[in-house]
Structures are given as structure tokens and as C-alpha cells.
Amino acid sequence: IVVKERNDKASPFAVLFSCFTYEYSKEGLVGRQSLLRLAKLNLDNGSMAHKRVFMTIYHTLMSTDPGASDPQMRGRHWEMLGFQGDDPQTDLRATGMLGPLQILFLIDNTRHALKEWFELAVSSTHEFPFVLIGFNFSALSMDVLDTQGMLKACRALEQNGEKDFVLKASCLFYAGCWDVFQQLWQDKSQRTIADFGIIKSEIKKIALKDPFKMFRKGEELLKTAPKLSQSHASPAAVAEFSTF
């Protein structure tokens, strides 16, 4: 990320206290393009890589027994995860494969919180379509992609030597959205999907005002997440991002 000083015609006082703007570095531009491609990538039911993504999500959220057989790529069982129908592909129009991959990011990095959110989603008092809500946050992560707050987040990760720092910044922002959502969703004793419009507007307002703060919330969430042993690591989580 390149830090570029503003060159506005202003008073010496204003120049002295002027803000800095952030721009993508050469590597950042490549990462940005990769992220945009992910958001436009359709689910290919014939792709083993794509299938592994969805099988990992299904088995993790449904807490299936080790060795359980994989479900079909089409069927009513996907509705239990929060898809609108029996074909997950129809819900990926806005975010492409980025939506499922960001769920995998949570599986690999903060599975404990993920399971708590899913249990909340299927509860009798706070029910909501888990996957679809997540896709809303994926879309929001794309909306803020070129904001100064997200460019600042990318710069912080790049300076820390992170690989795929644009994707990781987007995923941490996404995790922060989930953390805020969980707090707002539980502030009343009962919620229904009818409440989501109001909550979504509040989250969007917070995210657009300060994307970097949402990114930081995601970082803090991951710092407090219990570490998984290698034997429990997802076979199709973050390492699979490079496949796409």
C-alpha cells in the first residue's frame, strides 16, 4: 500500500494537519482483482474444489459425525443452513464464491464463535437464515473495498508481511460484521427475520462510517478464538483460497 499525501491548495495550517490517503500497492492491486474475481465466480457443481467448500460448511455447521457421508449438492438439507431453496447456486448471485469462502475463513479461524452464531440462527427466539445473512456481510465487504478504512487495513496487513492481505482484510471485516450483528441481534429477548432490515441498516451505517474499526473488531475476535488442533482443522478452509 502506498501512502500518498494530499496536495490540496490550502493554508499552511491545513497542510500541516492534513490527512494521508492510502492507495493500493502493486501487490494490492493484484489482490483486489483476485477478490473481485472471487465475487463473480459462480458455483460449479462439477468442481471438486467447490464441492469441498460446501461439504466443509455443511459438516461443520451441522456437527456431523466424523466419516459421515456428504450430502447431495442439491436438496432441502441446504435450507437448514439458511439457503433460500434446495440449490445453493441461486443464492450466490451477489457475492459468487466469496460468500462461501468467507464462511470457511470463520471455520478455520474462529469456529467456536461461528458455531455459537449458527446455534443462535436455529434457536426458537432468534432465528435467522445463517448463510444468507453472511452473504449480506460479504456484499458489504465489497462495498467498502476501496474506502480509506479498508485500504488502511490492507496496508497494516501488508506491512506485517501477510500474504493475500487484501483477501484477509476483507475476511476480517466480514468477521467484524458478524460480531456486531450478534451483539445487536441479541439485545432483545426475541427476534425474527423481519428485524433484519433494521439491524442490517445499523451495521451498514457503522461499517461505512469506519471500515477500519470493523476490521479491527474482526482481528480482536480472532485473537480471542480458541486454537484448533491440527486434527480438527478444516481440510478446505483458508488454504483452499489459493485454488480460486
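Visitor: Hi! What share of the residues in the protein chain is buried?
Guide: Buried residues make up 47% of the 244 residues in the protein chain. Keep in mind that this is a predicted model.

Visitor: Okay, predicted. What pLDDT does the chain average?
Guide: The average pLDDT is 86, and 84% of the residues score at least 70. Over residues 1-11, though, the pLDDT is below 50, and that stretch has 27 contacts in the model beyond near neighbours in sequence. Residues 229-242 also stay under 50 in pLDDT, with 24 contacts beyond four places in sequence.

Visitor: Good to know. How many helices and strands are there?
Guide: The chain has 10 helices and 2 strands. Going along the sequence, the pattern reads β-α-β-α-α-α-α-α-α-α-α-α.

Visitor: And what share of the contacts joins residues at least 24 apart?
Guide: That would be 69%, counted among contacts between residues at least 6 apart in sequence.

Visitor: Let's go inside. How many residues does the largest nonpolar core have?
Guide: It has 70 residues. Those with the most contacts inside this core are F54, F128, F130, W178, F181 and I203. Helix 8, residues 165-185, gives the largest share of the core, with 14 residues.

Visitor: Pick I203 for me. Which residues is I203 in contact with, leaving aside its neighbours within four places in sequence?
Guide: I203 is in contact with F137, L140, C177, V180, F181, L184 and M214.

Visitor: Lots of F and W in this chat! How many aromatic pairs does the whole structure have?
Guide: A search finds 18 aromatic pairs. One of them is F128 with W178, a tilted pair with 6.2 Å from centre to centre and 40° between the planes. This pair links distant parts of the chain, as F128 sits in the loop between helix 5 (111-121) and helix 6 (130-143) while W178 is in helix 8, 50 residues apart.

Visitor: Are F128 and W178 buried or exposed?
Guide: Both of these residues are buried.

Visitor: Why does the pair F212 and F215 count as tilted?
Guide: The planes of F212 and F215 are at 35°, so the pair is tilted, and the ring centres are 5.5 Å apart. F212 and F215 are 3 residues apart in helix 10, about one helical turn. F212 is buried, and F215 is buried too.

Visitor: Which residues do ring pairs link into a cluster?
Guide: The cluster holds W117, F118, F128, F130, F137, W178, F181, W185 and F196.

Visitor: New topic: charges. How many salt bridges are there?
Guide: The count comes to 8 salt bridges. In one of them D86 pairs with R74, and the closest N and O atoms are 4.0 Å apart. Both D86 and R74 lie in the loop between helix 3 (48-61) and helix 4 (98-109), so the pair ties together parts that are 12 residues apart in sequence.

Visitor: How exposed are those two?
Guide: D86 counts as partly exposed at 32% relative accessibility. R74 is exposed, with a relative accessible area of 51%.

Visitor: Which residues are linked with R74 in a network of salt bridges?
Guide: R74 is linked with D86 and D87 in that network.

Visitor: One more, please! Which residue does K223 form a salt bridge with?
Guide: K223 forms a salt bridge with E220, and the closest N and O atoms are 3.5 Å apart. K223 and E220 both lie in helix 10, residues 211-223, where 3 residues apart is about one turn of the helix. K223 counts as exposed at 60% relative accessibility, while E220 counts as partly exposed at 44%.

Methods:
Residues are numbered from 1 along each chain as its sequence is written. This is a predicted model: local features need pLDDT of at least 70, side-chain atom pairs count only at pLDDT 80 or more; totals for chains, interfaces and linings use all residues. Side-chain values use heavy atoms; hydrogens and water are left out. A nonpolar core is a set of buried Ala, Val, Leu, Ile, Met, Phe, Trp, Tyr and Cys residues joined through side-chain atoms within 4.5 Å. Buried means under 20% relative accessible area, exposed over 50%, partly exposed in between (1.4 Å probe, protein chains only). Helices (H or I, at least four residues) and strands (E, at least two) are DSSP runs, numbered from the N terminus. Contact means heavy atoms within 4.5 Å. A salt bridge is a side-chain nitrogen of Lys or Arg within 4 Å of a carboxyl oxygen of Asp or Glu. pLDDT is the predictor's confidence in each residue, from 0 to 100. Rings of Phe, Tyr and Trp (its six-membered ring) pair if their centres lie within 6.5 Å; planes under 30 degrees apart count as stacked, over 60 as edge-to-face and the rest as tilted.
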